[in-house]
Amino acid sequence: MSIRRPLVATVACIGALLTGLAAPSAGAAAEPITPSQKPAGNAVRTHDAPALARQDANLGRADGATGERSTTAAGVIELPGYCPTGFAPGKLLNKASFEGALPYPADSYGFNATTNGGATDGSYNASSTISAGYPLLTYVNSTHVPVPAGTRIGMSFSYTGFGPDTIGFSVNNSGGTLAPTTTWSRVALDVTSEARTNAGFLDAFFFNDTSVDSSQNSTMRVDEVRVYTCVPTPFKRGDWTGDQRVDLLGIHGSGDLYLYPGTGTGDIVAGTRVGPGWGSFTWAGSPGDVDSNSISDLLGVSADGTLYLYSGRGNGAFATRRAIGTGWDVFSAITTPTDVTGDGSPDLIARDADGTLNLYAFDTFGEIKRVKEIGWKFNGMKWIIGMGDLNRDARGDVVAVNATDGCLYAYNATSAPALKLHAKVGCGWSAMTWLTSPGDLNGDGLGDLVARDANGQLFFYPGRTGGGVYSAVKVGSGWTGMKFIL
């Protein structure tokens, strides 16, 4: 940010304008990485903040310096949790709780460490109160910390503040204004974009600004400013909520998409409607994470044969779809076996009209290409299901239900790659109207099956090594109306 508003004040007035002076005590330990309380997720109002920088003689002190607010900073994103979906707090890089006075008094103005107003960490906060009738910008530099390159960086803080004009924060070249609140509120930000803008350092400022409207008193208090790394969480296929448990998605015949969170034991809880407009697909499935953001992605084939990728964003949310292929309407079956090729990215298997299975591989950006034929004479199979790795060789395998005898057959992927018949692993599947493998629902390291019968009852079948399953457990009813279950 490089623009500032005009400020009007004199050094003689400062003592009367600012309150909350106190002598702080010794500092506190810097644990844990993030607070236990959840952030508000909706505190940032606009990306509009003063241009604040360390050792800047024109920060807007009472020496008549002029400037305006920036309206272009938009790189800092407010988060509903302390890290983006697919990431978890890794290492605490810095914490400012103002227990030992302001950390950078030479780069702060009009803020003081005080016990007035309470605190969320220790006893002190950094506080500024500007009396009515005085247009002024006050600020505190809470943080000046080196941050590692190539790493996701999060920042959190707690604040309380209210007044007629603006309170807010500045992080390197970005920032924002904050919603007024008379109680302490927590904020979490993804500041990765700013970690590369200041020679490897992250500078955080907080401000109290009455330079436009000084008709009332304005107060800003801030505490517990934390900067930390966010590291990728282990990816689990079928985890749509980010809690490391496999969930179910259902697309109703009406076109509504529903999310059913898994419990981690094979069961699911009540579903929530994600949104409409999903009913036009002729096939839908999830191969896993195809664009390398540690979140499951969704694929759909439209009536004209276009293959679409919906990049997962967590909690059943998706980015705008993009077309990644055409001509997919020629296939009579498509399945998601996870990684068959062994390159670390998920794959697809598609059956053409003569029963040949074709292997398609994703790259790390979500693009797809045909690899080779890997199976033949599969046109007699009613269902072809990717269950993941069945024999612990780190390659995705499949099971298939023969339309004639209703039996389930397991096929292991080889290094060629190709599919090799392993064994007949069970019979009695003819009565099922839907069969799918969302992933490892019970957390035992093996892919599981979910099946729907003609009465709309939903059953969970725990997977066994080699492709067989254990006895069914009923996990739902009323699923007749679902067009796709995945």
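Is tyrosine 260 buried or exposed? Tyrosine 260 is buried, with a relative accessible area of 13%; here buried means under 20% relative accessible area, exposed means over 50%, and partly exposed covers what falls in between (1.4 Å probe, protein chains only). Before we go further, please keep in mind that this is a predicted model, in which local features need pLDDT of at least 70, side-chain atom pairs count only at pLDDT 80 or more, and totals for chains, interfaces and linings use all residues. Residues are numbered from 1 along each chain as its sequence is written, and side-chain values use heavy atoms, with hydrogens and water left out.

Let us begin with the overall picture. The protein has one helix and 34 strands, where helices (H or I, at least four residues) and strands (E, at least two) are DSSP runs numbered from the N terminus. Of its 486 residues, 56% are buried. Among contacts (heavy atoms within 4.5 Å) with a separation of 6 or more, 60% join residues 24 or more positions apart.

The structure holds 20 aromatic pairs; rings of Phe, Tyr and Trp (its six-membered ring) pair if their centres lie within 6.5 Å, and planes under 30 degrees apart count as stacked, over 60 as edge-to-face and the rest as tilted. One of these pairs is edge-to-face: phenylalanine 157 and phenylalanine 206, at 4.8 Å centre to centre with 70° between the planes. Phenylalanine 157 sits in strand S7 and phenylalanine 206 in strand S11, 49 residues apart. Phenylalanine 157 is buried at 1% relative accessible area, and phenylalanine 206 is buried at 0%. Tyrosine 260 pairs with tryptophan 479: their ring centres are 4.5 Å apart and their planes meet at 40°, so this pair is tilted. Tyrosine 260 belongs to strand S14, while tryptophan 479 lies in the loop between strands S33 and S34, 219 residues apart. Tryptophan 479 is buried too, at 5% relative accessibility. Elsewhere, Trp240, Trp278, Phe281, Tyr310 and Phe318 form one aromatic cluster.

Charged side chains come next. There are eight salt bridges, each a side-chain nitrogen of Lys or Arg within 4 Å of a carboxyl oxygen of Asp or Glu. In one of them, aspartate 121 meets lysine 95 at 3.0 Å, N to O. Aspartate 121 is in the loop between strands S4 and S5 and lysine 95 is in strand S3, so the bridge ties together parts 26 residues apart in sequence. Aspartate 121 is buried at 13%, and lysine 95 is buried at 15%. Arginine 186 and glutamate 224 form another salt bridge, with their closest N and O atoms 3.0 Å apart. Arginine 186 is in strand S10 and glutamate 224 in strand S12, so parts 38 residues apart are tied together. A further bridge joins arginine 370 to glutamate 373 at 4.0 Å; arginine 370 is partly exposed at 42%, and glutamate 373 is partly exposed at 36%. Salt bridges with shared partners join Lys95, Asp121, Arg186, Glu224 and Arg226 into one network.
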